[in-house]
Amino acid sequence: MGFFDKLKKITSNLFSSFTEADEEFFEELEETLILADLGMETAVEAVEKLRKRVKKEGLRGQDEVREGLREILLEEMTVSDTELDLSTKPAVVLFIGVNGVGKTTSIGKLGNQLKKEGKRVLFCAGDTFRAAAADQLQIWAERAGCEIIRQHEGADPGAVLFDALQAAKARNVDVVLCDTAGRLHNKANLMAELAKLSKIIDRECPGAARETLLVLDATTGQNGLIQARQFKETAGLTGIVLTKLDGTAKGGIVVAIAKELGIPVKLAGVGEGIDDLRPFDARSYVEAII
Ligand SMILES: Nc1nc2c(ncn2[C@@H]2O[C@H](COP(=O)(O)OP(=O)(O)O)[C@@H](O)[C@H]2O)c(=O)[nH]1
Ligand SMILES: [Mg+2]
């Protein structure tokens, strides 16, 4: 069962026993939203808002209550633009996040999409921690018809990025997608590493459109929220790529991230295949689950 189906099942169970928006319903709703990983704070607040709205606007019946809930969740999720800014040539996108969340895979998928749109795309193998990481990115580059700049294992990621940006300018590349190592043990390390990469982009491509995307595994639930908080403090995040939504019914994390951190989810990973990446659209998301 796909992600939307699972979430839908949870919420439709809730509404299947719906008779009226009474205290029992609100309690069950709150529990459901917490189960769906909306986060305690967000769930409690959303239910409180719905309570008020039911009273004030006299919402009756399942359809009106559903619609009220949809509107409230959408309000919670309204953050800045969810589209990637790729408006310069080249534009540079950094993918960061802990190990195994899907950084390399997401680069492959996004590269494939951009290539299909007629863009020239260059991958930068900035995860030099293991040779296998660059090999994996290279396989994706071949599948997606994108170019790749890589160096030897243990190379300085900054040096690989420098090479990639030089190549991008020389070859008239539209978008550079840069992989990074997941092993950035602590904040000081991460900050130093990202500051360095950022400086290289500033120097080599001043004025370039840039994105720093935090990749999060949706199946880790509330842990993802903790990661997002930490990365937000250290890196100037411009968006989230939420992966593995196909493997969980707990997509409520999307709302929690948007609300608590004010960072938009820009892309959603819904499988391991090359086509399994979607632009994230809050409205259809909420409509699908409620
Ligand atoms: N089911 C599913 N698996 C995914 C998704 N994105 C990545 N993966 C898998 O997660 C694993 C780790 O991905 P990888 O890109 O190597 O993570 P990285 O360490 O962050 O670069 C691989 O087995 C991927 O196939 C997704 O959206 N859905
Ligand atoms: Mg990787």
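Helices and strands here are DSSP runs numbered from the N terminus, a helix having at least four residues and a strand at least two. With that naming in hand, we can take a walk through this predicted model.

The protein chain is divided into domain 1 (3-77) and domain 2 (91-289). The centres of domain 1 and domain 2, taken over C-alpha atoms, lie 33 Å apart. Between α4 (61-77) and β1 there is a loop, and Pro 90 sits in that loop. A backbone detail is worth a look here: the peptide bond that joins Lys 89 and Pro 90 is cis, with omega about 0°. For context, most peptide bonds are trans, and most residues other than glycine have a negative phi.

Helix α4 also packs against α10, with their axes 7 Å apart and at an angle of about 50°. The two helices, α4 and α10, are therefore oblique to each other. On the α4 side, the residues that take part are Leu 73, Glu 76 and Met 77, and they meet Val 255, Ala 258 and Lys 259 in α10.

**The sheet**

What is the order of the eight strands in the open sheet? The strands run β3-β2-β4-β1-β5-β6-β7-β8, and the pairing is mixed. At the edges stand β3 (147-149) and β8 (277-279); each has a single partner strand, so one side of each is left without a neighbour in the sheet. From one strand to the next, the twist averages 25°.

| Strand pair | Sense and bridges | Residues paired |
|---|---|---|
| β2 and β4 | parallel, four bridges | Val 121 with Val 175 in β4 |
| β5 and β6 | parallel, five bridges | Val 215 with Val 241 in β6 |

Helix α5 (residues 103-116) lies across β1 (91-96), β2 (121-124), β4 (175-178), β5, β6, β7 (265-269) and β8. The direction of α5 is at about 170° to β2. Helix α7 (residues 157-170) also packs on the sheet, where it touches β2, β3 and β4. Its direction, too, makes about 170° with that of β2.

Is Leu 114 buried or exposed? A residue is buried if 20 or more other C-beta atoms lie within 10 Å of its own, and Leu 114 counts as buried with 21 C-beta neighbours inside 10 Å. Leaving aside neighbours within four places in sequence, Leu 114 is in contact with Lys 119, Val 121 and Val 175. The C-alpha atoms of Leu 114 and Asp 174 are separated by 9.2 Å, although these residues are 60 residues apart along the chain.

**The core**

The largest nonpolar core has 78 residues, and those with the most contacts inside it are Cys 124, Val 176 and Leu 177. Domain 1 (3-77) and domain 2 (91-289) each contribute at least three residues to this core. Not counting residues up to four places away in sequence, Cys 124 touches Ile 149, Val 160, Leu 161, Ala 164, Val 176, Leu 177, Cys 178 and Asp 179.

**Two loop residues with positive phi**

Asn 172 is not a glycine, yet it has a positive phi of about 60°. Lys 244 likewise has a positive phi of about 60° without being a glycine. Asn 172 lies in the loop between α7 and β4, and Lys 244 in the loop between β6 and α10 (253-261). Which of these surroundings is buried and which exposed? Asn 172 is exposed, with 9 other C-beta atoms within 10 Å, whereas Lys 244 counts as buried, with 22 C-beta neighbours inside 10 Å.

**A residue in between**

Gln 230 has its place in helix α9 (residues 222-234). With 15 C-beta neighbours inside 10 Å, Gln 230 counts as partly exposed. The C-alpha atoms of Gln 230 and Gly 100 are separated by 17 Å, and the two residues are 130 residues apart along the chain.

Technical notes
Residues numbered from 1 in each chain as written. Chains lettered and ligands numbered in written order. Predicted model: local features only at pLDDT ≥ 70, side-chain atom pairs only at ≥ 80, totals over all residues. Pairing = 2+ DSSP bridges. Axes fitted to C-alpha atoms, helices over the stretch in contact; angles between N-to-C directions. Contact = placed C-beta atoms within 7 Å. Core = buried A, V, L, I, M, F, W, Y, C linked by C-beta atoms within 7 Å. Buried ≥ 20, exposed ≤ 12 C-beta atoms within 10 Å, placed from the backbone. Domains from an automatic or database assignment. Parallel < 35°, antiparallel > 145°, perpendicular 65-115°, else oblique.
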